Amino acid sequence: MQTFEIKEDFLLDGKPIKLISGAIHYFRMTPGQWEDSLYNLKALGANTVETYIPWNIHEPIEGTYDFKGVKDIEVFVKLAQKMGLMVILRPSVYICAEWEFGGLPAWLLKEKGIRLRSTDPRFMRKVRQYFSVLIPKLAPLQLTLGGPVIMMQIENEYGSYGMEKEYLRQTKQLMEEFGIDVPMFTSDGAWDEVLDAGTLIEEDVFVTGNFGSRSKENAQVMRNFMERHGKKWPIMCMEYWDGWFNRWNEPIIKREGKELASEVKAMLEVGSLNLYMFHGGTNFGFYNGCSARGALDLPQVTSYDYDALLTEWGEPTEKYYHVQKAIKEVCPEVWQAEPRKKVPVNLGIYPVKNSVSLFSTKDKMITAQQTTYPLSMEAAGVGYGYMLYSVELNNYFHENKLKVVEASDRIQVYVDGTYKATQYQETVGEEMIIKGQADHKKINLDVLIENLGRVNYGFKLNAPTQSKGIRGGIMQDIHFHQGYKQYPLTLSEDQLHSIDYTAGTDPLQPSFYQIEFELNELGDTFIDCSAYGKGVVIVNGINLGRYWNVGPIRSLYCPKEFLTKGCNEVVIFETEGREIKELIFSEKAMID
């Protein structure tokens with residue numbers, strides 16, 4: 001049985017070892033991609049792979065667990081072991097990772113006033129329940145039991161959020177209770193304030209840092225912090241940022257390969273590192289996160305390419321070869337090889353077969369929830385995707401004031417089926433003037449609200465805006481309206497199967513477009529969204545994620561595993577009144 005210890009060096013079977021690791025998120029790619037990605041990490045010269053474990057995908061509904069397919073963390077870890085890699089796991093309930101709500105499940109928000117990432121008994125009860133299922137799956141994978149897992153994380157960048165050591169202690173104790181006995185660690189930025197707040201160094205929990213430049217300077221900060229606490233541990237950068245994430249309507253962020261390689265070399269000269277990301281992958285479905293900048297929430301794009309060493313679809317970049325060379329210069333004994341390549345293909349152009357307005361088919365797709373006051377998205381459903389609020393207002397046959405109070409994130413207002421306005425966080429609550437039809441006693445008002453992604457980092461984690469949909473209400477004149485029909489639109493398999501394409505078309509309203517086509521050959525590909533407005537694309541029931549014409553990315557990556565030889569179905573949900581007439585595949589990503 002192998003052993004792994006942390007003393008003045010990392011010791012594997014008693015011998016010093018430098019950890020050269022890369023981040024691969026199993027949940028951001030298909031299981032069919034795992035082996036190529038792991039092989040390319042090994043070929044880089046690495047000996048370890050690291051991954052987060054997001055709570056929200058494994059317990060999507062409270063008490064309901066899912067570890068199948070893309071969520072099968074056990075299969076991923078065993079494959080890494082088969083490939084000759086050690087594994088670092090980060091099962092902390094909060095992961096950041098530019099992931100929806102930092103990995104926390106939306107159903108936590110049903111508990112009003114719950115204090116996340118704290119010893120709030122309501123929060124810790126839910127952590128205990130989740131860990132009672134998750135940790136026993138991970139425990140047999142530890143090195144101490146013949147598996148490849150050498151370390152596990154207690155909490156992630158907690159010093160950038162809180163300083164409640166008792167919360168960290170309780171989390172550590174839960175992990176130990178359910179069978180973890182490999183070394184545990186925390187990871188924080190490399191400055192004293194967050195290291196003081198976010199670590200359990202006084203209880204011998206290993207301390208790692210997160211940074212992506214000034215390697216020797218940041219390593220010295222870590223060393224000084226440890227020495228002040230009487231520790232002579234090795235230096236480990238748990239997130240060595242080799243690129244960066246991207247947000248809608250902002251330029252793509254790039255990092256030059258030679259410059260990165262120089263910094264990686266400097267880091268390896270003084271310690272160990274985990275490249276974040278080695279392979280970024282994709283925020284499929286509604287799982288992209290959101291940045292908080294002052295009063296603004298800035299949602300992140302579907303692609304998690306990250307300008308990493310492998311592209312979103314797994315192709316080695318120029319940066320890969322620069323870093324591979326740098327590793328060899330510092331660690332000449334490492335095994336390296338030529339990486340596996342991946343070349344996307346063009347699968348052709350196909351016409352739209354059917355279309356229907358959401359307003360026409362909503363009652364076929366979803367059973368409306370009728371309430372006096374509006375429900376939040378979490379109260380009415382799972383809290384992801386969209387929510388349609390339909391109300392009947394009295395028609396006073398003259399102009400009326402209307403406003404939607406306390407709603408998140410993006411609202412689109414339709415009066416008698418006609419588009420009226422779009423509002424975001426900074427404009428929600430602004431007054432609109434509406435007028436009904438001369439021959440109708442009622443005004444049909446539809447408000448479509450999209451959850452653009454919950455904040456994944458920083459001071460807004462407990463903010464009211466993390467609850468999506470309408471929290472306040474809809475005001476006509478100066479009074480709150482009562483009487484709502486709510487339609488949680490998650491684009492689940494059941495909802496997609498219930499779309500009635502004969503119910504009536506109106507391209508100016510939010511609409512579904514259906515394309516059916518045959519394929520004889522399969523390959524990784526991209527769907528060209530440059531002619532679309534805003535929405536999502538579902539391929540054979542799998543949500544590829546969001547597209548948006550604000551850029552900077554105007555395509556969606558589609559892995560070959562989502563396609564089938566023979567008949568395929570694509571459904572596009574378009575919210576901006578742009579009529580879609582065809583589906584265009586491409587061998588290239590469309591990037592501004």
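In this predicted model, the side chain of N288 makes a polar contact with the side chain of R546, at 2.7 Å. The side chain of N288 also has a polar atom that lies 2.9 Å from the backbone oxygen of L452.

Is N288 buried or exposed? N288 has a relative accessibility of 1%, and because buried means under 20%, N288 counts as buried. When its neighbours within four places in sequence are left aside, N288 is in contact with E98, W99, E100, N283, P299, Q300, V301, L452, G453 and R546.

Strands of a sheet pair through backbone hydrogen bonds, and the pairing may be parallel or antiparallel. Here, 4 strands form an open sheet, in the order β14-β32-β27-β30, with antiparallel pairing. The edges are taken by β14 (349-351) and β30 (555-558); each has a single partner strand, so one side of each is left without a neighbour in the sheet. From one strand to the next, the twist averages 25 degrees.

How many bridges join β14 to β32? The two strands run antiparallel and are joined by 3 bridges, with β32 covering residues 582-586. Within this pair, I349 is found opposite I584 of β32.

Conventions: Residues numbered from 1 in each chain as written. Predicted model: local features only at pLDDT ≥ 70, side-chain atom pairs only at ≥ 80, totals over all residues. Heavy atoms only, no water. Buried < 20%, exposed > 50% of the residue type's maximum accessible area, 1.4 Å probe, protein only. Polar contact = N/O pair within 3.5 Å; in protein donor to acceptor, adjacent residues only side chain to side chain. Contact = heavy atoms within 4.5 Å. Pairing = 2+ DSSP bridges. Axes fitted to C-alpha atoms, helices over the stretch in contact; angles between N-to-C directions.
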